[in-house]
Amino acid sequence: MEIPIQLNQANLQEVGSRMPVPKYKRAADTSGIVHIGVGGFHRAHLAYYLHQLKNDNAAPTWGICGIGLREADTKLQNIFKTQDHLYTLMVKRPDGKIEPEVIGSIVDFKMGITDPEPVIAQMAAAETKIVSLTITEGGYNFNPNTGEFNFDNPDIQHELQNPDDPKTVYGFLTAALKRRRDARLPAFTVLSCDNIEHNGDMVRKMLLAFAEAQDQDLAKWIAQEVSFPNSMVDRITPVTTPADIETLALNYGVADAWPVTCEPFIQWVVEDKFSNGRPAFEKVGVQFVPDVGPYEKMKLRLLNAGHSVLGLLGALHGHPTINACIEDEVFKTYFRAFLDQEATPILGDIRGINLEDYKDSLLERFANPNIKDSVSRICAESSAKLPKFLIATIHENLATGGSIKFATLVIAAWCYYSDKQVDQNGQPIETIDAMQDELHQAAEQTTTDPLAFIRQESLFGNLIKNERFTTFYAEVVHKIYKDTNIKKYMREMISI
Ligand code: CS2
């Protein structure tokens, strides 16, 4: 076999004979955007939009400096060093075709945990205009039940006492914004790209709570000067597998240690309020709107919640991927019934969007057989996702007398799965959740106290006090514990 060529700047021309490569000059001083949390999603989304703009010569002075705030980011840092921050984006089409392209919009990467100073300096530099975030739903440090900032987090306590040694996004943002204020530089925009309703408002509220505890004057300046656009982001980005790396090496002769795979669909709807300028993203299809709220709600309560419905029930049944779930007629019908009967009624009208078409398109996207999005990715960090994606919908339907049965079965399945950590065939389920131990401890009491799992107030709020919910939940959780055949109950529910 021919030895694959290493992806890096020096080899770019040769790689270019095998797949599209950046058409623009790359330089480390073009980094108007500092991005925290360079996971697969960022590399398939914001970095891709900027790459397209740069290819069209519409953003020559813009670039991205990635920031890692977690130990685990060291892997990416090392790979980026070898590859000059280049990576391959592999778009996977439903017909089996893969379209790889080398993305060059990330030009630098810095780790904040070992040495915070260069990261603060980068964020405080005059050239930095936007600090964007994909730090996951769990990264915002709020109590999901109250929506208030969690001051109990030891890292937050540490950085409140040691402002020069930040650990979390809040410590870094305040340290950098303080320097900008002292240097009379304009504030940067904080742009959240995470799946949280009102993500900009949320990060504003959290940052101000933190800053007020640290420095009241600074908090006032931040409140006046920093803008926090809300945004709805969308592109399904599965976890990269060894097979993806191999496909690139074997079929394209390119060695990339961490390519990113994604679906063809991409969407970004953003509020156009940037305190210090922005690239002309509208030229590559980004939608700028005055109020992103309805779009966010639609996406979180249909797409993300739909993922969780399929993911949790699918994990228990033993389906490995979301497309395998959709291939199963019972799962497909259940998914659509949940969308139609429980998620849609609370959305109301969304200007310019036909919800039926939107739901049809979700079915098509989820069915993409080439994407193989694992249910374990969807189930990961359910404790941070479900309160926003699914439990909020249960609350709203209880208030209006709407249907709750489809979502309730998912909660009962989540309980069983957290307790036993095996699927209905006895195969282990991989559970990845910051609250894993708490979830397990609550769930394992179910046989003696059927409502134990939903007594976790930080996740379920006051659902425990709602008799309609508790009666139905107790019934389904009891059935699952007696006989885990999840499809039997799914069938029952769709036929009623
Ligand atoms: C998924 C999302 O994490 C999840 O549970 O629903 O990652 C989803 O794939 C993206 O939000 C799609 O835009």
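**Exercise 1.** List the residues that glutamate 159 touches, leaving aside residues up to four places away in sequence, and then describe its setting.

*Solution.* Glutamate 159 touches Asp165, Pro166, Lys167, Thr168, Tyr170, Gly171, Phe210 and Gln214, where contact means heavy atoms within 4.5 Å. The structure is a predicted model, in which local features need pLDDT of at least 70 and side-chain atom pairs count only at pLDDT 80 or more, while totals for chains, interfaces and linings use all residues. Residues are numbered from 1 along each chain as its sequence is written, and side-chain values use heavy atoms, with hydrogens and water left out.

Glutamate 159 is buried (under 20% relative accessible area, 1.4 Å probe, protein chains only), yet has no salt bridge (a side-chain nitrogen of Lys or Arg within 4 Å of a carboxyl oxygen of Asp or Glu). The nearest side chain of opposite charge, that of lysine 167, is 7.6 Å away.

Finally, the side chain of glutamate 159 makes a polar contact of 2.4 Å with that of threonine 168 (N or O atoms within 3.5 Å, one able to donate a hydrogen and the other to accept it; residues adjacent in sequence count only if both atoms are side-chain atoms).

**Exercise 2.** Which element gives the most residues to the shell around the ligand?

*Solution.* Begin with the residues around the ligand, among them Asn195, His307 and Arg377 (a heavy atom within 4 Å). An oxygen atom of the ligand is 2.7 Å from a side-chain N or O atom of histidine 307. Helix H11 gives the most to this shell, with 4 residues.

Definitions and conventions
Buried < 20%, exposed > 50% of the residue type's maximum accessible area, 1.4 Å probe, protein only. Lys, Arg positive; Asp, Glu negative; His and termini not counted. Helix = DSSP H or I, 4+ residues; strand = E, 2+ residues; numbered from the N terminus.
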